[in-house]
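Open the model in your viewer and keep the selection tool at hand. We will go from stop to stop, and at each one you will hear what to select and what is there.

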Amino acid sequence: MTERTINIHFLGAAGTVTGSKYLLDTGDRKILIDCGLFQGLKELRLKNWEYPPVNVTEIDAVLLTHGHLDHTGYLPRLVKQGFKGPIYGTYPTLDIAKIILNDSAKIQEQEAERANKGGYSKHSPAEPLYDLKDVEKTIPYFKGIPLNQWLPILKNVKARFQYNGHILGATYIELDVQDKRFVFSGDIGRTNDLLLYPPAKPKRADVLFMESTYGGRFHPEETEALPEIEKLVNETVSRGGSLFIPSFSVERAQLMMLIFWRLLKETKIPKVPMIMDSPMGANVLELFHRTRDWHRLEDDECDKMCSHFTVVSSYRETMELRSDDKPKIVIAGSGMLTGGRMLNYLETQAQNPDNTLLFVGYQAEGTRGRKLLEGEKEIKVYGKTVSFKMQVAEIEGLSAHADHAELLDWLSDIKIQPEKIFIVHGEREGAEALKQGIKEIYDWDSEVPQLYGIEELK
């Protein structure tokens with residue numbers, strides 16, 4: 001077979017954290033790795049409404065590293081634009097993608113309806129990016145892939161999905177094309193995670209796409225975070241306030257439930273109502289029971305933990321709970337306050353200085369979460385501005401992302417220097433810090449691609 005030039009199109013998560021999409025064009029095959037939604041900055045979010053600068057109908061297959069919205073959330077748009085190929089991912093990834101896409105569509109439909117009623121949208125009428133019918137048309141293209149097996153996904157293209165921690169089902173993807181091995185790191189998990197096993201490490205990478213979310217930053221150990229959480233709960237409850245945790249509904253919500261349950265079991269925190277308000281999170285809890293090989297939780301541990309929580313599914317319950325001023329612990333989506341039920345609570349509770357808002361995951365640039373962490377004293381909720389007086393805390397040790405040292409260690413089994421390393425999925429500062437770290441530790445050169453840039457490989 002005559003070798004052809006391979007072109008790589010950086011359609012997302014290049015120079016930014018969100019919207020992961022990398023198109024590999026081999027000349028006769030086009031493969032999209034991840035298909036994520038842009039979040040955060042308005043200029044990025046507007047790109048979700050644009051057609052990507054490639055012919056969508058020519059894409060042969062999509063491969064998903066994991067189920068998070070910034071890696072899967074654009075799929076219904078892609079199908080709407082004419083994509084008709086298979087969408088590959090591990091079985092838990094596809095289960096999570098179904099949950100997340102349905103939740104995302106529902107939120108978008110509700111927000112469009114609310115904006116039209118409230119008249120606060122610049123568009124008339126306001127419309128969702130996609131709706132539940134669009135998601136319904138997307139799911140039939142899903143094809144489950146087992147872990148650790150080389151599979152021929154297209155002519156002359158083999159793929160293997162390897163365990164990566166981070167969330168249930170998450171993987172890094174190896175693609176063998178024209179005697180080259182392309183490795184897409186996806187989001188790399190923690191070495192010591194209370195819920196998940198350590199990530200596997202690649203042994204060979206001719207072309208490497210390396211995430212850099214926490215490039216240049218170091219997490220404390222998760223065990224060090226527990227005393228901080230204990231202190232926050234006790235201080236907040238003793239002054240008569242509630243603790244609110246905006247949380248990603250996949251894995252972080254379950255981790256927080258596990259932590260609060262263990263602290264309660266050891267009588268380190270007072271017995272107050274504990275709420276998990278996320279229909280999506282409830283669905284993921286059920287998934288934990290079905291995916292025993294993917295995580296450390298025993299079945300009975302999962303049952304006992306859940307028995308101490310009120311798992312809210314109906315919107316009516318949310319509206320009742322948000323008006324209740326008695327001390328409680330509330331875990332609700334979304335993790336970066338870009339939507340979800342936590343906004344309902346903040347609408348009524350943000351002005352109470354006895355309450356605490358605790359961030360336990362990454363807050364992307366331009367999100368409400370990042371703005372509040374940076375000291376913003378107002379929050380926009382459903383078209384109206386609400387004064388924000390809550391205490392704000394952040395615990396980085398609970399992030400699902402590998403930190404700088406763990407990212408560098410993930411590369412340690414690659415014995416032959418890659419021909420190309422692309423630093424992706426990071427804000428500029430983090431990407432540059434990781435680039436420098438790779439040079440210092442391995443003496444390998446790498447580059448930070450531009451959004452919508454094209455790289456040609458001979």
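Is Asp131 buried, partly exposed or exposed? Select Asp131 to begin: its relative accessible area is 25%, and that makes it partly exposed, where buried means under 20% relative accessible area, exposed over 50%, and partly exposed in between, computed with a 1.4 Å probe on protein chains only.

Before moving on, a word on what is on screen. This is a predicted model, in which local features need pLDDT of at least 70 and side-chain atom pairs count only at pLDDT 80 or more, while totals for chains, interfaces and linings use all residues. Residues are numbered from 1 along each chain as its sequence is written, and side-chain values use heavy atoms, with hydrogens and water left out.

**Around Asp131**

Asp131 sits in the loop between α4 (91-118) and α5 (132-138). Helices (H or I, at least four residues) and strands (E, at least two) are DSSP runs, numbered from the N terminus. Now show the neighbours of Asp131: leaving aside residues up to four places away in sequence, Asp131 touches Ala105 and Glu109, contact meaning heavy atoms within 4.5 Å.

Next, select Thr72 in helix α2 (residues 69-72). Thr72 counts as buried, at 0% relative accessibility. Which residues does Thr72 touch, not counting those up to four places away in sequence? They are Cys35, Gly36, Leu64, His66, Gly67, Ala97, Ile100 and Leu101.

Move along to Lys84, in the loop between α3 (75-80) and β5 (87-90). Lys84 is exposed, with a relative accessible area of 62%. Draw a line from Lys84 to Asp28: the two are 56 residues apart in sequence, and 17 Å apart in space from C-alpha to C-alpha.

**His166**

Select His166 in the loop between β8 (157-163) and β9 (171-177). Its phi is near 70°, a positive value in a residue other than glycine. His166 is buried, with a relative accessible area of 1%.

**Helix α7 and its surroundings**

Now colour residues 252-265, which form helix α7. This helix has 14 residues and reaches 20 Å from its first C-alpha to its last, close to the 20 Å expected at 1.5 Å a residue; the expected span is 1.5 Å times one less than the number of residues.

How many residues of α7 are buried? The count is 12 of 14, so the helix is mostly covered. Among the buried ones are Arg252, Phe260 and Trp261. The buried residues of α7 pack against α6 (222-238), β12 (243-246), β13 (274-277), α8 (279-290), α9 and β15 (329-332).

Two packed helices are described by the angle between their axes and the distance between the axes.

Show the side chains where they meet: Gln254, Met257, Leu258, Trp261 and Arg262 in α7 contact Glu301, Lys304, Met305 and Cys306 in α9. The residues of this contact divide into 5 nonpolar, 1 polar and 3 charged. Ala, Val, Leu, Ile, Met, Phe, Trp, Tyr, Cys and Pro count as nonpolar, Asp, Glu, Lys and Arg as charged, and the others, Gly among them, as polar.

Step off the end of α7 to Thr267, in the loop between α7 and β13. Thr267 has a positive phi, near 50°, and counts as exposed at 69% relative accessibility.

**Last stops**

Select Gly333 and Ser334, which are joined by a cis peptide bond with omega about 5°. Ser334 is in the loop between β15 and α11 (342-349).

Finish at Lys439 in helix α14 (residues 428-442). Lys439 counts as partly exposed, at 36% relative accessibility. Leaving aside residues up to four places away in sequence, Lys439 touches Trp444 and Asp445.

Note on methods
Axes fitted to C-alpha atoms, helices over the stretch in contact; angles between N-to-C directions.
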